[in-house]
Every structure is written in C-alpha cells, then in structure tokens.
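My notes are below, in the order I looked things up.

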Amino acid sequence: MSATASTAQPSLFAKLWYDKNNRSIVVQILATIVLIWFFGSMVLNAVINLEAQGRGFSFAFLEQPASYDINQHLIPYSSRSSHLQAMWVGIINTLLVAVAGIILSTILGFTLGVLRLSKNWLVNKLAYVYIEYVRNVPVLLHILLIHGIIVHSLPRTKEAWNLLSDTAFISNRGLFMPSPEFLPMFKFVLAAFIGAIVFAWLFRRFARSLQARTGTQLPVFWVSVLAIIGLPVIAFIATGHPINWEYPTLKGFNFQGGAVIRPEFLALWLALSLYTAAFIAENVRAGILAIDHGQTEASMALGLPRNRTLNLVVIPQALRVIVPPLSSQYLNLAKNSSLAIAIGYMDVTATIGGISLNQTGRAMECMILVMAIYLIISLTISGIMNYYNKRIALVER
Amino acid sequence: MEEMIPKKQYAPGEHPEMPPPFKTKGAGLWLQQNLFSSPTNIVLSILAIYFLYKMLPGLLEWSLLDAAFTGSDRNECRAKAGGACWAFISERLPLFTYGFYPAEERWRVDLSFLFLVISAVALLWEKCPLRKPLMVFAVFFPFIAAFLLLGGNGVKLMVVLACTAVVLLLLYRGFSSAFMMVLALVVAVLAKYAFFGGIGVPFTDIHATQLVDLNQFTQLNLKTVSTDLFGGFMLTLIIGVTGIAFSLPLGVLLALGRQSNLPIIKYSCVVFIEFIRGVPLITLLFVASTMLSFFLPPGTTFNLLVRVLIMVTLFASAYMAEVVRGGLQALPKGQTEAADALGLKYGPAMRLIVLPQALKISIPSIVNTFIGLYKDSVLVIVIGLLDPLGIGRASLSSTEWNGLTNEVYLFVALFFFVSCYGMSRYSLYLENKLHTGHKR
C-alpha cells in the first residue's frame with residue numbers, strides 16, 4: 001500500500017470528473033440542462049412573441065375557407081374549400097410527383113448506369129457527359145430550364161401538336177389525352193387482370209417446386225407476361241369494349257374534356273427524374289463494378305449463359321451495394337419535389353406552406369405542418385427501403 | 001515430316017523489329033472494337049450517332065454560330081442573329097458577379113476573392129510555395145474577408161486578428177481541449193464586442209442598424225455595406241465557403257456524438273440529424289426567414305444573411321455527420337482498442353488515430369456533400385436573396401431583356417457546372433493521393 005493513496009482524500013470534483021462512470025453521468029446531466037434551457041427559452045420566447053402579436057397557437061384556421069384556386073386536384077377542391085382540404089390536395093400532388101419521379105428515375109438511372117458501363121465507346125462517353133452535366137448543376141435550374149422549354153418552345157394551343165389523329169394534343173398548356181369512362185362491364189376486365197396475376201403467382205410457385213423436384217425449367221416469365229396481358233385483352237374484347245373515351249376538343253382558347261398533364265407537373269416530374277437518374281446511374285455503376293469479376297467467371301465456368309449469369313449472380317449481389325444509396329436518392333427526390341414552388345406546381349409547400357401561410361399569417365403552424373408531412377414521407381420511404389434492403393441483404397450464419 | 005525452311009540466323013538481340021500482326025492498330029480497328037464489335041453495339045452506335053446528328057448542329061448553331069454577342073437590347077439581338085442573345089449576359093455581368101454591391105467598393109470583393117483563391121490554393125495544393133505562412137493566412141482569411149465585405153472599423157479587425165493569433169499560438173503549444181474551449185468562448189465574446197459592441201452571448205443580439213454605422217475614429221475605416229446589397233456569384237461563394245468551412249467540424253462532432261456511449265448525447269444527435277435530413281432545405285429557409293424571430297427574445301432581430309448561413313450550415317452538417325459516421329463505422333474496431341491500449345484519452349485517440357483514417361475513407365462522400373451544399377445555395381432565391389439565379393430572373397423582367405430565360409439559365413448552369421466539376425475532379429485526385437493500400 002502506498003502512503004499517498006491512503007492519505008489523499010479525493011476532492012468532490014475529482015470524484016465526479018476522474019471516475020469514468022461518474023463523469024458520463026455528469027456530462028449527460030449537463031447536456032440535459034443545456035438542452036432544456038435551449039428549447040425551454042425558445043418555447044418561452046415563442047409564447048411571449050405570439051402573445052405580443054395578439055394570437056395564440058392554434059390550428060383552427062384549417063377550417064376556414066382557403067379562397068384560392070389549385071389547378072391540379074385529384075380530390076374535390078374549389079376555392080371555397082377549407083385550408084385543410086387544400087393541404088390534402090397539396091399532399092396528394094407531392095406524393096404524385098414523388099412516386100412518378102421515383103419510378104421514372106429508377107428506370108432511367110438503371111439504363112444510364114448500364115450504358116455507362118457499355119463497351120461501346122460512343123455510348124459510354126455520351127452517358128458520361130450526360131451524368132456529369134446533370135449532376136453538377138442545381139436541380140432548381142433543371143426544373144426552371146425544362147419548364148421554360150415547355151412553356152416557351154412548345155406550340156400554343158391553336159397550333160398544338162396533334163398526336164394519333166385527334167386523340168391527344170401537346171401544347172404549352174400541357175399534354176391533353178382522352179380520359180376513360182368505365183362502363184359496368186369493365187369489372188370483368190378488372191377481374192380477368194387480377195385473376196391473371198393470381199395465376200402467374202401460382203404458376204411461379206409450381207414452376208419452382210417442379211424445378212426443385214425434377215430440375216425441369218418452365219418459361220415462367222413469358223407465361224406470366226402472356227397471362228397478365230392476354231387475359232384482360234380477351235375479357236375486354238369479349239365484353240364488347242366497356243370503356244368510353246372522352247376526347248379532348250379545342251373549344252375557344254383551350255382544350256375541353258379529356259385528361260390533361262399540366263406543364264408544371266410535366267416539368268417538375270421530368271426534371272426531378274432526369275436529375276435523380278444521373279445519381280442513380282452512378283450508384284448502379286459503382287454497384288456493378290463492386291462485384292468481383294471472379295463471380296462472373298465462376299458462373300461462366302459453371303456453364304450459365306450470359307443472361308442467367310447477370311440475373312442469378314451479378315444483379316443479386318450488386319443490389320446489396322446499390323440499394324442503400326438508392327434509398328437516399330429516393331429521399332432526395334421526394335424532398336426536392338418541394339422546389340415545385342418555383343414553377344407554381346401546387347404541392348404541399350406551395351399550398352399550406354405558401355399561399356395558406358401568407359393568407360392567414362400563421363407561419364409557425366403552417367411550417368410545423370409542412371415539416372411534419374415531409375418527415376412522415378421521408379420516414380415512410382426509408383422504412384420501405386430498409387425493409388427491402390433487409391430482404392435482399394446477405395444472410396450470414 | 002514437313003521440311004524445315006532454313007531461316008536466317010540472328011545473334012541474340014540482333015533481330016530486327018517485325019511489323020505488328022495483322023490488324024492490331026489503326027483507326028479502323030479502333031472503330032471496329034469500340035463501336036461495331038457486336039450487333040447490339042452496332043445498333044447502339046447508330047442510335048448514338050443519330051442522336052448526336054440531331055442534337056449537336058442545332059445546339060452549336062443556337063449557342064455559338066448564330067448567336068449575338070453584342071447589342072443593347074433584345075430586339076437588336078434578334079435583328080442580328082436567330083440564336084442565343086449573349087449580349088444580355090455580357091451587359092449584366094457585373095450584376096451577376098457582385099449583385100448590388102456599390103460599384104466604387106467592388107475592389108473589396110475582388111480582393112476578398114483573391115485572398116480566397118490564395119487560401120484555397122495553400123490548403124488544397126500540397127506543393128504550393130510558402131505553404132506554411134499561407135496556411136496561417138488562410139486561418140485569418142474569414143475575418144479579413146468579413147471585414148472587407150461588410151466594411152467598418154479597422155481597429156476592431158486588428159483586435160480580432162490578434163485574438164485569433166493568440167488562440168492559434170496556444171493551440172500550437174498543445175493546451176488541453178477544455179481550456180481551449182473556454183478560451184474560444186472568450187475570444188468569441190471579444191470578437192463580438194469588437195464588431196458589434198456590448199458584451200453578451202455572441203451573435204444573438206445583432207441589430208441591423210448596428211451593422212450600418214461603425215465608422216469612427218481611424219484611417220482604416222471602410223465604408224459599411226449592408227448585406228441586403230450582396231448578390232450574384234459573390235453570394236453563392238459566401239454561402240458555399242461559409243457552409244463548407246463550418247459544416248465539416250460540426251458534422252464530425254455530430255457523428256462522434258451519434259457514436260457516443262452516453263444515451264442522452266447520442267439520441268439528441270440522432271434526433272437532430274434525422275430531423276434535418278427528413279425535411280427539405282427550403283422549409284428550413286422559410287423557417288429562417290419567417291419563423292426564427294418568434295424563437296428569439298422579443299425585440300431581437302438577426303441579419304437575414306446570417307440566418308440563412310446558419311441554416312445552410314446546420315443542414316449540411318447533418319448530411320456531413322452521416323458521411324463521417326460511414327467512415328467511422330468502416331474503421332476496424334481494433335484501431336480504437338489499440339488507442340485505448342496505448343492509454344490515449346478519448347480526445348487524442350479520436351484526433352490522432354480514428355478521425356484521420358475515418359475522414360480519409362469518407363473523402364469522396366464529403367466532397368459530394370460539399371457539392372450538394374454549393375448547389376443548394378441557389379435555393380436562397382425562394383426567400384428573396386439575390387443569388388445569380390435570382391439576379392437573372394429579376395433581370396428578365398426588365399423591358400429590354402424580356403423573355404431570354406434559356407440564356408440566363410444556361411449561363412448560371414455553366415457557372416455551377418464549372419465549379420462543381422472542378423470540385424469532383426479534385427476529390428478524385430485527393431482520393432488517389434491518399435490511397436495508401438494496394439490498388440488493383
């Protein structure tokens with residue numbers, strides 16, 4: 001026993017600071033105090049400031065009539081509807097452009113990623129130039145540029161491009177298409193479609209068990225495609241074309257009837273998809289390059305043909321590398337859709353976070369709603385992608 | 001048996017060079033191998049050539065061959081040429097560069113830019129001559145640039161520079177980190193006192209009026225310029241450089257916090273990071289422009305530019321934290337354990353062993369985050385700051401240049417392309433330079 005250890009009485013500070021466990025508790029208590037002080041004073045200030053302006057914190061304004069128009073609404077909406085209804089219209093518009101963008105950007109991104117790996121020099125370099133240009137320019141510029149091209153370079157309504165002999169028109173007011181009206185008999189077509197999907201699923205199960213038992217391979221893909229396309233078509237013809245098309249016609253200054261894709265949606269959708277596709281392409285390229293060449297060689301040595309090598313060996317392994325960055329690209333796309341405000345597409349930022357905010361002056365409530373909505377969308381996307389990632393992840397012992 | 005053809009005998013090393021085997025070089029072979037090696041390739045090449053044939057001539061004609069580079073308004077351009085009207089850009093170039101910064105004070109912006117280039121070269125280029133002194137200069141650069149751009153009293157700048165120098169010297173002597181933090185706080189309070197007067201928590205009570213009238217007693221005074229006049233590429237650079245400079249250290253702290261064993265520290269970092277990453281930047285900018293004043297003590301106001309800078313920095317730091325976390329996770333646990341075994345405390349272990357390796361792994365992603373932050377700076381137009389895009393859109397509404405949207409957008413796009421592409425090239429160079437392992 002050393003003399004100093006027995007005589008030196010550690011001070012309180014030393015007890016709290018030089019002991020690892022005590023220190024961690026002290027640090028956490030201090031951090032909690034700072035956090036409570038910080039947020040507490042923020043909330044306190046907010047209460048004082050709101051009271052000084054003579055209004056509390058309340059969401060009652062959501063019931064008041066919004067009194068502004070939204071040109072694209074998939075649920076009933078008029079200028080007499082409430083701010084709440086406007087918010088729902090905005091949410092649906094955001095989701096619409098986000099989902100459409102995710103689908104298109106995935107298709108484009110995978111295509112570009114594969115082209116970037118092509119042995120064809122010209123195609124390879126074209127993909128490189130495209131990806132580098134798009135990635136290095138802000139997405140807002142892409143949105144504005146594409147919107148500008150649609151609005152300024154496409155013909156006016158009177159000279160609209162006529163597609164497929166008077167069924168669809170493209171002008172600077174958007175893409176006008178015939179809209180379907182479903183007759184009662186259409187439910188048989190729908191039933192045939194669902195039946196075909198069930199059939200394809202069962203057939204796949206059967207084919208798998210057959211392959212497991214006997215080794216015989218059935219053409220699952222082609223049978224499924226044939227069933228899913230063929231059965232509804234047969235039902236459609238058998239029930240006597242149960243769809244009435246309503247065609248757009250030029251009346252006065254604009255087209256009447258039919259369905260329309262507006263230039264704002266078109267510009268936002270294309271710009272977000274083209275922009276995100278460039279990033280996805282790089283992820284796809286990195287993912288495919290990450291797979292050791294030995295894998296391909298081993299699979300060739302086993303006698304697998306090239307397409308099976310890709311489908312069964314390379315792509316499943318590459319997906320493990322691709323999916324995590326892919327999900328953050330999807331998140332970015334969903335968040336970038338808020339730039340809709342720059343071209344007047346009425347998404348959730350432009351409705352509740354834009355016009356409603358300016359009309360009611362309730363900045364705090366509106367911004368909290370908008371942020372909460374984006375947080376929910378982001379968490380949902382990352383939840384889905386995490387689930388998918390777990391499914392394809394390497395299962396180790 | 002085949003009859004042996006007698007060959008001329010050569011002494012070893014005397015054999016003349018033979019022609020290459022048939023078809024191993026030449027343009028024709030290159031074309032065949034790279035463009036027409038298989039039916040798919042032939043189809044792809046033909047499609048690509050057709051695409052180029054359709055796009056390139058029109059693009060070239062519009063942007064260069066049939067474009068007007070001089071002229072005083074839109075109609076003059078149209079009379080001269082059918083393509084782009086670049087005269088607009090060249091006439092408005094000062095506006096695009098400086099925003100509404102007073103014309104007679106623009107040398108200050110130029111000088112700051114020159115200093116920025118010098119600091120950047122010193123920091124980025126390893127073989128730069130006089131690198132050591134220039135790096136010290138780079139540390140002082142933010143203060144000098146802020147003084148140059150904002151103007152005000154030169155004596156106060158000297159105070160701030162002296163304080164920074166003392167901190168640097170002490171840091172160099174290796175004082176403990178707790179002591180340094182206290183010292184940094186003292187310096188921040190002093191700096192705040194020097195710039196804005198009054199002792200208080202730094203940067204919480206800056207009044208817009210205080211930014212204007214600081215001209216007092218010395219010859220070193222510069223005319224003060226309000227931040228409302230900032231704009232154009234200058235604004236983009238201010239936002240980009242500030243964000244880059246502050247988001248990396250903040251991101252590292254957040255990443256370390258997220259890895260921490262202390263639950264309260266860990267979860268506050270997680271909540272902060274996930275919240276910031278879950279919402280779009282423009283909602284945060286809206287918060288900065290409309291809501292932030294609610295959360296401050298009554299009567300306080302913040303300069304809008306400062307608010308935007310803080311928001312952009314916080315936004316980028318959350319992304320940076322995730323990038324750095326990736327690097328930290330990629331590091332084998334043996335490294336931390338080795339540091340523990342050597343008896344290093346948490347701070348030195350992180351500073352000397354973990355972070356250098358983790359940051360090296362994450363360089364490409366860090367630069368990508370920088371590029372993202374730099375590109376995101378255009379979003380400030382939604383709250384009314386005049387970055388190049390904002391300047392362009394404002395200029396478009398003038399009568400003489402109405403409707404030249406494509407020219408404006410392409411010009412701004414070119415600016416961003418050049419700077420971001422440069423950054424990504426530099427990251428590639430750095431990646432190769434720091435690659436210490438075996439490269440296949």
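**Entry 1: confidence**

I am working with a predicted model.

Where pLDDT is low, the predicted coordinates should not be read in detail.

**Entry 2**

In what order do the four strands of the open sheet in chain A lie? I read the order as 1-2-3-8. The pairing is antiparallel. Strand 1 (161-163) and strand 8 stand at the edges of the sheet in chain A. Each has a single partner strand, so one side of each is left without a neighbour in the sheet. Neighbouring strands of this sheet are turned by 20 degrees against each other on average, direction ignored.

I then went across the sheet, pair by pair.

- Strand 1 and strand 2 of chain A pair in the antiparallel sense, over three bridges. Here A:Leu163 has A:Ala168 of strand 2 as its bridge partner.
- Strand 2 (residues 168-171) and strand 3 (residues 174-177) of chain A run antiparallel and are joined by three bridges. A hairpin of two residues links strand 2 to strand 3 in chain A. I looked up two partners in strand 3: A:Phe169 is bridged to A:Phe176, and A:Ile170 to A:Leu175.
- Strand 3 and strand 8 (residues 259-261) of chain A also run antiparallel, with three bridges between them. A:Leu175 has A:Ile261 of strand 8 as its bridge partner. A:Phe176 stands opposite A:Val260 in strand 8.

A:Phe176 is the bridge partner of A:Phe169 and stands opposite A:Val260.

I moved on to helix 5 (residues 121-135) of chain A and helix 2 (residues 39-65) of chain B. Their axes come within 8 Å and cross at roughly 50 degrees. That makes helix 5 of chain A oblique to helix 2 of chain B. The crossing is left-handed.

Which residues of helix 5 of chain A meet helix 2 of chain B? I listed A:Leu122, A:Val123 and A:Leu126. Across from them, in helix 2 of chain B, are B:Leu44, B:Ser45, B:Ala48, B:Ile49, B:Phe51 and B:Leu52. By class, this contact has eight nonpolar residues, one polar and no charged.

**Entry 2: a helix contact within chain B**

My last stop was helix 4 (residues 87-98) and helix 18 (residues 405-434), both of chain B. They pack at an angle of about 55 degrees, with their axes 12 Å apart. Helix 4 and helix 18 of chain B are therefore oblique to each other. Helix 4 passes helix 18 in a right-handed crossing.

From helix 4 of chain B I noted B:Phe88, B:Ile89, B:Leu93 and B:Phe96. They meet B:Glu407, B:Val408, B:Phe411 and B:Val412 in helix 18 of chain B. How do the residues of this contact divide by class? I have seven nonpolar, no polar and one charged.

Note on methods
Residues are numbered from 1 along each chain as its sequence is written. Chains are lettered from A and ligands numbered from 1 in the order in which they are written. This is a predicted model: local features need pLDDT of at least 70, side-chain atom pairs count only at pLDDT 80 or more; totals for chains, interfaces and linings use all residues. Side-chain values use heavy atoms; hydrogens and water are left out. Axes are lines fitted to C-alpha atoms, for helices over the stretch in contact, and angles run from 0 to 180 degrees between N-to-C directions. Angles under 35 degrees count as roughly parallel, over 145 as roughly antiparallel, 65 to 115 as roughly perpendicular and the rest as oblique. A crossing is left-handed if the near helix is turned anticlockwise from the far one by less than a right angle, and right-handed if clockwise. Contact means heavy atoms within 4.5 Å. Ala, Val, Leu, Ile, Met, Phe, Trp, Tyr, Cys and Pro count as nonpolar, Asp, Glu, Lys and Arg as charged, and the others, Gly among them, as polar. Two strands pair if DSSP finds at least two bridges between them.
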